[in-house]
Amino acid sequence: MWREGGRAAAARNVSSIQMLSVQPDTKPKGCAGCNRKIKDRYLLKALDKYWHEDCLKCACCDCRLGEVGSTLYTKANLILCRRDYLRLFGVTGNCAACSKLIPAFEMVMRAKDNVYHLDCFACQLCNQRFCVGDKFFLKNNMILCQTDYEEGLMKEGYAPQVR
């Protein structure tokens, strides 16, 4: 079964990152990454520990997690950015239009139980691309624009209901 971007699994392994300013009159805190005292103006708090901004990094791509968002992901004793967490542990699936693999970290469009690459989310008769909020129809597992859907109904002898 398809799960978008592994979100069901990610929810258990996600932690927030807080940026805090260091007050001049407080005792310096120890960094969980390098074990040195944090004497910088700002520090990060994540996983109930304190970090230098440079020390809280993704174990795969080495990006500074405080710069890429307010969350980090943990699994198998690794601290990861969202993209690497999903790349390593996310669930993948196939596009309902082209049948090619959709990586877990890629943005998708959904229609009922079908999942599509953003580029594949188009009317399967006239290739009109849909954007978020556009009206589309799902008939016999095909995505259709309103014009093609109504033309199909007319051919079948059904008149579309106008409200």
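Modeller: Start with a term: a residue is buried under 20% relative accessible area, exposed over 50%, and partly exposed in between, using a 1.4 Å probe and protein chains only. The model is predicted, so local features need pLDDT of at least 70 and side-chain atom pairs count only at pLDDT 80 or more, while totals for chains, interfaces and linings use all residues. Numbering runs from 1 along each chain as its sequence is written, and side-chain values use heavy atoms, leaving out hydrogens and water.

Now the cysteines. A disulfide is a pair of cysteine sulfur atoms within 2.5 Å. The search of the whole structure finds zero. Take Cys-81. Its closest cysteine sulfur is in Cys-58, 3.8 Å away, which is too far for a bond. Cys-81 is buried, at 8% relative accessible area. Cys-95 is in no disulfide either; the nearest cysteine sulfur belongs to Cys-98, 3.8 Å away. Cys-95 is buried too, at 3%.

Next, the sheet. Strands are DSSP runs (E, at least two residues), numbered from the N terminus. Two strands pair if DSSP finds at least two bridges between them. Here five strands form an open sheet, ordered 3-2-1-4-5, with antiparallel pairing. Strand 3 (49–51) and strand 5 (78–80) are the edges: each has a single partner strand, so one side of each lacks a neighbour in the sheet. Strand 2 (residues 42–46) pairs with strand 3 in the antiparallel sense over three bridges. Leu-44 stands opposite Trp-51 in strand 3.

Notes
Helix = DSSP H or I, 4+ residues; strand = E, 2+ residues; numbered from the N terminus.
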